[in-house]
Amino acid sequence: MDTEYSFSSLNRSLFGEDFAWGVSTAALQIEGSCDVDGKSASIWDTFSSKKGKILNGDKPTHACDFYKEYQRDIDLVKQLNIPNFRFSIAWSRILPNGTGEVNQAGIIHYNQVIDYCLQQGIEPWVTIYHWDLPQILEDNGGWTNRKIVNWFSNFVTVCAQNFGDRVKYWMVMNEPAVFTGAGYFLGIHAPGRTGLRNFLPAIHHVVLSIVAGAKILRELCPDAQIGNTFSCSYIEPYADKPKHIAAAKRADALINRLYIEPLLGLGYPTEEVKALKGINKYILPGDEANMSFDFDFIGVQNYTREIVKYSFFTPYIGASLVKAQDRGVELTEMKWEVYPPCIYEMIKKFNAYPQIKKLIITENGAAFPDVVFNNEVDDQRRVTYLQTHLQQVLKAKQEGYNVEGYFVWTLTDNFEWAEGYHPRFGLVYIDFETQHRIIKNSGRWFAQFLG
């Protein structure tokens, strides 16, 4: 298909020669083969087997079959002219017991993925933890158990020792605010725990684990770039009234500041959200020295903005989101507002932290209702989404903000956590029955843009 796309003022060269272009994925969402070659169950394997937890009862059992067909999808990355491929390591594929004995079949697999990337001229960017905790560790308390700092350190050490000779870019964990908030407070993600009694210890143990993991990577892979990725949403108050402005500040503390600030040495934002003060009982003597790290880069993952209003009835935070579908705005399939300036605003916000050396947009993208017609997917709304968000990234860069890369979420349609296979985020369409792939027009546009 030779469709010409309107680039307007958008051109790859405007971002500079050293700007990192990529695409992001996650093991649980693409691999399938959940119980193959010695892999044990993750919390998502267990969670998805429970009735009513995942839309349409979907399970990640097969997903995109990347475990078996990784060469096919890495070939697609190359075909799309994408120089950097971000993927994650499934903890329970490497350490089926969570710690201890290493599963060599898992090591072999990820060595093959890394080696094939390099063979194709693609730089591997590895996320060590992307939400798929081994179920055996969850049975022992998961992130609420302080022992997990040692469990995770063991996992990081195994990854660094086996892959560190070739992997130059590492992200310790993906979006800690989401996997602890949704999984240990709201219960809508695996493992389905709820309440402050689970949320508060999980927050602190995740912070300690990120720093412990980053220090291990620094020691074992001294020449590597080490980062961590953070979810964020641009927060605006519902109205210019003190109660709504204050509510927006509390929401911002919980959504955008909860992890980045302690990891930069600024402590938890307990003044804005008083309920977070309960975290203090989990902070032991000496912890402060192990709560921050000098990262080489910070991964910013942004999709939308949120409008926040005061809410007397919302416990702990006294704030609620004004749903995008009630605001008459353009929506994605996830019912998120399409608001391109949000990514500019978040780059600006993170740049205000002097401790941050550089930013990489490690996820940005959108799910839309894709339709196959004549073996093509004309997803013009996604093309426009990517173009308009890239224009905002370029604006930030041209204004002097330190942003050095952009990764699209995601390569292929996949298992989208609690939403199952319904929302399609990929540059490549997948028929999950046949595993047939179709490069969408958005993928063709991105290839043309990068080529």
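Select helix α12 (residues 341–351) together with helix α13 (residues 380–398): in this predicted model, their axes come within 7 Å and cross at roughly 30 degrees. Because angles under 35 degrees count as roughly parallel, α12 is roughly parallel to α13. The crossing of the two helices, α12 and α13, is right-handed.

Next, display the side chains at this contact. On the α12 side, select Pro 341, Cys 342, Ile 343, Tyr 344 and Ile 347. These residues meet His 389, Gln 392, Val 393, Lys 395 and Ala 396 in α13. Coloured by class, the contact of α12 with α13 shows seven nonpolar residues, two polar residues and one charged residue.

The last stop is Lys 440. Select the loop between β13 (436–439) and α14 (441–450), where Lys 440 has its place. Is Lys 440 buried or exposed? Lys 440 counts as buried, because its relative accessibility is 0%.

To see what surrounds Lys 440, leave aside its neighbours within four places in sequence and select its contacts. Among them are Asp 370, Asp 379 and Asp 413, as well as Arg 382 and Arg 424. Val 377 is also in contact with Lys 440, and so are Phe 425, Gly 426, Leu 427, Val 428 and Tyr 429.

Methods. Residues are numbered from 1 along each chain as its sequence is written. This is a predicted model: local features need pLDDT of at least 70, side-chain atom pairs count only at pLDDT 80 or more; totals for chains, interfaces and linings use all residues. Side-chain values use heavy atoms; hydrogens and water are left out. Axes are lines fitted to C-alpha atoms, for helices over the stretch in contact, and angles run from 0 to 180 degrees between N-to-C directions. Helices (H or I, at least four residues) and strands (E, at least two) are DSSP runs, numbered from the N terminus. Angles under 35 degrees count as roughly parallel, over 145 as roughly antiparallel, 65 to 115 as roughly perpendicular and the rest as oblique. A crossing is left-handed if the near helix is turned anticlockwise from the far one by less than a right angle, and right-handed if clockwise. Contact means heavy atoms within 4.5 Å. Ala, Val, Leu, Ile, Met, Phe, Trp, Tyr, Cys and Pro count as nonpolar, Asp, Glu, Lys and Arg as charged, and the others, Gly among them, as polar. Buried means under 20% relative accessible area, exposed over 50%, partly exposed in between (1.4 Å probe, protein chains only).
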